[in-house]
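Trainee: Hi, could you walk me through this structure? I'd like to ask things as we go.

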Amino acid sequence: MRRQDSGSYGQCCLQNTFKLFHSGSTADHFIVHPSLFLTLCSLLFLSETMEEAANTTETPLAVPVLLERQVRQRKPAVSVLKSKLKQAVTCSVPRIRSTLSGFFPVMRWLPKYNVKEYVWGDVMSGMIVGIILVPQAIAYCLLAGVEPIYGLYTSFYANIIYFLMGTSRHVSVGIFSLMSLMIGQVVDREVFLAGFDLNEDSAVSNIDVLNDTLGINLTVTKVHTVELMGMQCGKECYAISIAVAVTFLAGVYQVLMAVFRLGFVSVYLSAPMLDGFATGASFTILTVQAKYLLGLKIPRHQGYGTVVVTWVNIFANIHKTNLCDLITSAICISILVAAKEIQERYKDRLKMPLPTELVVVAGATLASHFGELNSRYGSSVSGHIPTGFMPPQLPGFSLMSRVVLDAIPLAVISFAFTVSLSEMFAKKHGYTVRPNQEMLAIGFCNIIPSFFHSFTTSAALAKTMVKDSTGCKTQVSSLISALVVLLVLLFFAPFFQALQKCVLACIIIVSLRGALRKFRDVPAKWRASRNDAIVWLVAMSATALISVELGLLVGIIFSMICFIFRTQNPKVSLLGRVDDTDFYEDLEEYKNLVAPSRVQIFRFQAPLYYANKETFLKSLYKAVGVEPFLELTKRKKAEKKAKDASVKQAKANGEKNNGDVVVRLVQRELEFHTVVLDCSAIPFIDSAGLAAFLGLVKEYKEIGVSVLLACCNTSLIDTLQKGKFFGKNDEDMGSLLFHTVHAAVVHANRAAAATDSRSDDSEV
């Protein structure tokens, strides 16, 4: 529905009336009704006058569009809750089948599995990832502070559970360096607080060396133990108990997040923050593993500043470097780096990744075993790795009160990495994943394995990319990887007994190349977005220099502060008209724009809320050049000064002063009569923003300036209506709110012209 101006309305009436005459009306009718003739003449004169006015205007006046809001009837909250509860408790065979298939997505896609098309890619991908997974699972136990066997358990159970519950076809879930580092920091802290010697393994190794060298039998007379769940627990037992307790709690948190739909928490983990956090954690991992490269027996530092303190200790004990470990580390790193470079350079020609880690592990194990590097040169080795599985055991619930807070960052980071990787590869291959189900899957990948001596898992980017590049089609590849780990657990685990820890450290450090290379991207990040680059630097520095947990917290808080800062200092601009069109844009950003006469159009590109209300007002006053309070103060001062001068003049002349004349004389003419607020870039306002709008209208009205709103979204309009911005029953909405900037400008000019004409008439 559109309004019609008076000219077109008059023409319509004339046309209809003349049709009446031409359709058979006689002159008698004309004589009998003389008022009709007067009406016709007045309408004809009015239509001709409006046509001439419209023709003299540069462009036709825009006709404002009247939109009618739909009435949305919402059901009462009680009835909605009742219907949902009724639907939730309804039990039927299709509903049970749907619930089970939703909880276990494997039931949906496995019956449709195309053996001929998928099996070769899944088998090859699963075998290659499994071969890579075995040495990494053993190596990452150095980070977690537990025995190597537990890394194999973790990889096995996580792959099986994600095969059943995951919705991504390509993600590889299992042991992850960052999770292992965070677990290791908690484990070392609690082991130290329990009274265990963090360097105890080195003492035992030295005694073994003396026994083998001197041919005597020395034993440790006293071994420190603590009571846990009714039994005496040594250092390794206590370490895995702590890791299991943290893992169980992290899984419970993730399941609760899925139940209460709290996946939005990951929204606060921005990409620059996560990148910086991962890079800082990678630098911490490198620092923690550096002592193994040199064969130094240095306990892991407890508390803040691990990187700085560890490097100080390394250089303080550099003279104790084990030459055997140093030479082995140099050889292994050279082979691993060379293989990685060859693989990256010729990745298009290679059909599958080179199993370099497995080759290095096998070769180093044989060299250590037949060269007797542990007994002859005191090189640290992995030790005995048993075969088979340990019986399941309840997590240590008495320990959970000590690690209840440590599990929170583990749960959030594990979920964030898993969901982001799932969505990234799903988008790449054209399918969808369910983030809530992913949270459930990764939660149960932590809860269930915690009963089987496993620690926290997550999706790993490197292994996921290997799966993708080797032809992975479904999660059957995870099942194949689990079978490879199972073979190692059942038959080949004892063969890794002589594997040196420095070799495992080399595998970990070389795997960090991708994360550490992100330092080279800092200049590009700075050019693309300084805000993102600063967030990356702060998250990386805090994680590396303070601690991993605090680095995550600092990164989240700083990224949120940056966002708040951006909303407090948004882009503001005055708008001008684009040629003879109805479009308006930023006068500073575009050329050949014309500012409308005596109308200021102001755009604020941010939500208007309590934190940036003052910024909005100050930027508006600065842009239009008039602050109402100051203008009113100036006028009052000028009025008082004029009154005083008039009184003096009147006394001197013996006349009576007329105050009304003085007031009219001091009124200052402004360059504009209307301020139009373009609200198209304001997504929402709060009560403080509403108060700012109300104050603007009132203050500018006192100095004779109107404030109009344009391009408001429906949520903004609802807030204004609830705050009685448009008066009682929204009676002023038609004169304050417009759907386009041009409609507001046209209305402002019409209102100003009408006001001027009334002023002229009153003077006459």
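**Surface and core**

Trainee: Why does L487 count as partly exposed?
Mentor: Because its relative accessibility is 44%; buried means under 20% relative accessible area, exposed over 50%, and partly exposed in between (1.4 Å probe, protein chains only). Keep in mind that this is a predicted model, where local features need pLDDT of at least 70, side-chain atom pairs count only at pLDDT 80 or more, and totals for chains, interfaces and linings use all residues. Residues are numbered from 1 along each chain as its sequence is written, and side-chain values use heavy atoms, with hydrogens and water left out.

Trainee: Where is L487 found?
Mentor: L487 sits in helix α21, residues 476-492 (helices are DSSP runs of H or I, at least four residues, and strands are runs of E, at least two, numbered from the N terminus).

Trainee: OK, new topic: which residues have the most contacts inside the largest nonpolar core?
Mentor: They are V146, L152, L178, Y238 and M273, in a core of 118 residues. Such a core joins buried Ala, Val, Leu, Ile, Met, Phe, Trp, Tyr and Cys residues through side-chain atoms within 4.5 Å.

Trainee: And which helix gives the most to this core?
Mentor: Helix α11, residues 235-259, with 15 residues. Apart from this core lies another, of 47 residues, including I601 and Y700.

Trainee: What about strand β9, mostly covered or open?
Mentor: Mostly covered: 5 of its 5 residues, 674-678, are buried. T674, V676 and D678 point one way, and V675 and L677 the other.

Trainee: How many bridges link β8 and β9?
Mentor: They pair in the parallel sense over 5 bridges; pairing needs at least two DSSP bridges between two strands. F602 has L677 in β9 as its bridge partner.
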